[in-house]
Amino acid sequence: MATMQSLIGLVNKIQRACTVLGDHGGEGFSLWEALPSVAVVGGQSSGKSSVLESIVGRDFLPRGSGIVTRRPLVLQLHKTEGGADYAEFLHAPKKRFTDFAAVRKEIEDETDRLTGKTKQISNVPIHLSIYSPNVVNLTLIDLPGMTKVAVEGQAESIVQDIDNMVRSYVEKPNSIILAISPANQDIATSDAIKLAREVDPTGERTFGVLTKLDLMDKGTNALDVLEGRAYRLQHPWVGIVNRSQADINKNVNMMVARQKEREYFENSPDYAHLAHKMGSEFLAKLLSKHLETVIRQRIPSIISQINKAIDEINAELDRIGRPIAADGGAQLYTILEMCRAFDRVFKEHLDGGRPGGDRIYGVFDHQLPAALKKLPLDRHLSTQNVRKVVAEADGYQPHLIAPEQGIRRLIDGSLGYFKGPAEATVDAVHLVLKELVRKSIAETLELKRFPSLLSDISAAANDALERFRDEARRAVLRLVDMESSYLTVEFFRKLQTEPEKNNGNPTGPNTDRYTDNHLRRIGSNVSSYVGMISDTLRNSIPKAVVYCQVREAKRSLLNNFYVQIGKKEKEQLSGMLDEDPALMNKRETLAKRLELYKSARDEIDSVAWK
Ligand code: GDP
Ligand code: MG
């Protein structure tokens with residue numbers, strides 16, 4: 001008995017959990033589907049509410065003509081060891097009802113809350129728990145009475161709507177059908193039996209209940225039905241005598257009613273031989289026993305459904321990220337993990353695992369050479385300009401052999417032009433790196449969770465890139481400066497030894513220093529020297545850029561950031577890990593569900609093999 005009670009108590013717990021989770025057995029995963037419950041079905045005024053009340057032993061269900069029950073009522077009976085009866089609604093969990101008239105009122109209000117006063121129906125259940133020493137643990141579902149005609153103010157569709165709703169409960173293989181038929185009507189016309197026959201043709205989950213035995217015509221009895229001859233079911237038929245309307249009006253106490261029911265069967269000439277198998281108390285015990293068997297059969301599939309749900313939630317949590325522990329160490333760890341994840345993606349871009357790094361080579365191979373080619377050196381080394389520069393450098397006395405000063409100035413002037421392409425190369429590579437940071441941030445999926453951290457890392461990376469760019473600028477400008485600060489003497493010595501006659505226009509030592517020919521020759525000499533330097537710079541600028549920007553970006557993009565976060569307090573760290581609130585909510589909900597399913601599984605495990 002202890003095992004059975006814990007089993008049914010457990011089922012009640014899980015069913016309540018389902019409702020908390022908004023799981024009404026609709027689409028998707030549903031534990032509800034796996035759990036047995038008792039659905040009370042029958043035509044209007046067949047005595048459904050009365051049967052429920054007498055199983056519970058309390059008056060608490062709304063009464064009246066027409067369709068009173070317009071939402072399913074999931075009624076969980078909890079046996080207590082003693083003390084007064086009380087009731088609790090899931091929609092108002094803090095409130096203990098000890099006045100059962102108030103329970104009735106609350107059911108009515110809660111029904112209207114969803115369906116309005118329009119007498120519409122809703123398939124969202126009301127959840128009511130009743131705690132009492134006088135009940136057995138059971139879950140019962142009171143459903144709207146089946147009807148054949150809509151009444152004043154109700155849509156025509158209500159007949160079909162009710163039929164659909166009732167069906168949706170009793171069709172489920174886990175549903176135990178309490179089919180209520182009044183004894184003063186022909187059993188062949190019973191709505192309850194008609195439906196039960198459709199959804200449970202073998203009758204293995206149908207319990208036939210015959211009410212109003214006391215209202216049968218004098219001289220007739222229901223033995224044909226009760227003894228299974230009129231309509232055969234696998235479970236025995238149970239006859240019931242509920243309170244009549246007159247009893248209800250006189251407020252006949254439930255316990256008195258039960259006593260009267262017992263006496264009715266014991267003293268009845270027709271039913272005395274069946275008295276031990278009749279009445280609402282017997283019905284309650286019968287149901288409870290059956291429920292136990294069914295639940296035992298279902299445990300393995302319930303556990304596997306729970307496990308499946310747990311796996312699904314875990315997978316979802318992995319996808320959106322696990323919750324982060326609250327301590328500073330764990331937060332620091334998470335931040336570093338995110339940084340590393342970003343860094344990995346960024347490096348893959350540079351090293352070729354992902355696209356984009358090749359654009360840096362494009363800068364070196366195309367942009368830089370093209371820019372060098374476009375430098376206005378021809379203009380700078382035109383005869384006219386050479387004349388001007390050489391003359392200015394010679395001052396009041398023209399040079400004797402070679403215009404050393406003039407040549408130096410021409411070279412300096414030419415080299416000045418190289419600063420532009422050198423800086424442009426640095427800037428172009430900077431832009432590529434910035435774009436790769438942007439891409440890498442976007443591609444680090446883990447980071448999406450933390451918008452603040454994402455922008456912190458992005459800012460830190462861009463800061464670092466700017467520092468690298470400044471360093472690279474200094475380096476390439478220095479390369480250019482170095483070329484002007486010391487010329488390659490060798491080059492000019494070689495020129496000197498070449499016979500001037502080669503030009504086909506001999507100039508003697510005494511000829512005019514400023515002839516076009518002479519100047520053109522100087523221009524062309526300087527031009528080929530500058531060309532040689534251009535070749536050198538075309539090779540050395542990329543080296544400097546890679547050394548200062550690309551290599552540093554790979555090595556130490558977030559180094560400064562690491563130093564900064566190392567100094568941060570716990571609050572600042574959790575500030576960085578501010579999450580998108582929608583995601584936080586989702587995770588919280590998932591975590592709650594996970595907890596629930598896990599504890600449900602633990603509890604089932606703990607009672608399953610007792
Ligand atoms: P429901 O519409 O199926 O929920 O039916 P109720 O439980 O509200 O019962 C309808 C009416 O039939 C009420 O007035 C009850 O008092 C009355 N009634 C139900 N069962 C019995 C019974 O076994 N004997 C007598 N005399 N009246 C009954
Ligand atoms: Mg009713």
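**Side-chain contacts in a predicted model**

Ring pairs join Tyr264, Phe265 and Tyr271 into a cluster, where rings of Phe, Tyr and Trp (its six-membered ring) are paired if their centres lie within 6.5 Å, and where planes under 30 degrees apart count as stacked, over 60 as edge-to-face and the rest as tilted. The structure is a predicted model, in which local features need pLDDT of at least 70 and side-chain atom pairs count only at pLDDT 80 or more, while totals for chains, interfaces and linings use all residues. Residues are numbered from 1 along each chain as its sequence is written, chains are lettered from A and ligands numbered from 1 in the order in which they are written, and side-chain values use heavy atoms, with hydrogens and water left out.

The average pLDDT (the predictor's confidence in each residue, from 0 to 100) is 86 for the chain, and 89% of the residues score at least 70. Over residues 24–29 the pLDDT falls below 50, and this stretch has 13 contacts (heavy atoms within 4.5 Å) in the model beyond near neighbours in sequence. Residues 501–510 likewise have a pLDDT below 50, with five such contacts. Where pLDDT is low, the predicted coordinates should not be read in detail.

Across the whole structure, nine aromatic pairs are found. One of these, formed by phenylalanine 89 and phenylalanine 97, is edge-to-face, with 5.3 Å centre to centre and 80° between the planes; both residues are buried (under 20% relative accessible area, with exposed meaning over 50% and partly exposed in between, for a 1.4 Å probe and protein chains only). Phenylalanine 342 and phenylalanine 346 form a stacked pair, at 6.1 Å centre to centre and 20° between the planes, and these two residues are buried as well.

The structure also holds 32 salt bridges, each defined as a side-chain nitrogen of Lys or Arg within 4 Å of a carboxyl oxygen of Asp or Glu. Arginine 71 forms one with glutamate 110, the closest N and O atoms being 3.4 Å apart. Both arginine 71 and glutamate 110 are buried, and a network of salt bridges links Arg71, Glu110 and Arg113. In a further salt bridge, the side chains of arginine 354 and glutamate 348 meet at 2.7 Å, N to O; arginine 354 counts as partly exposed because its relative accessibility is 26%, and glutamate 348 counts as partly exposed at 32%.
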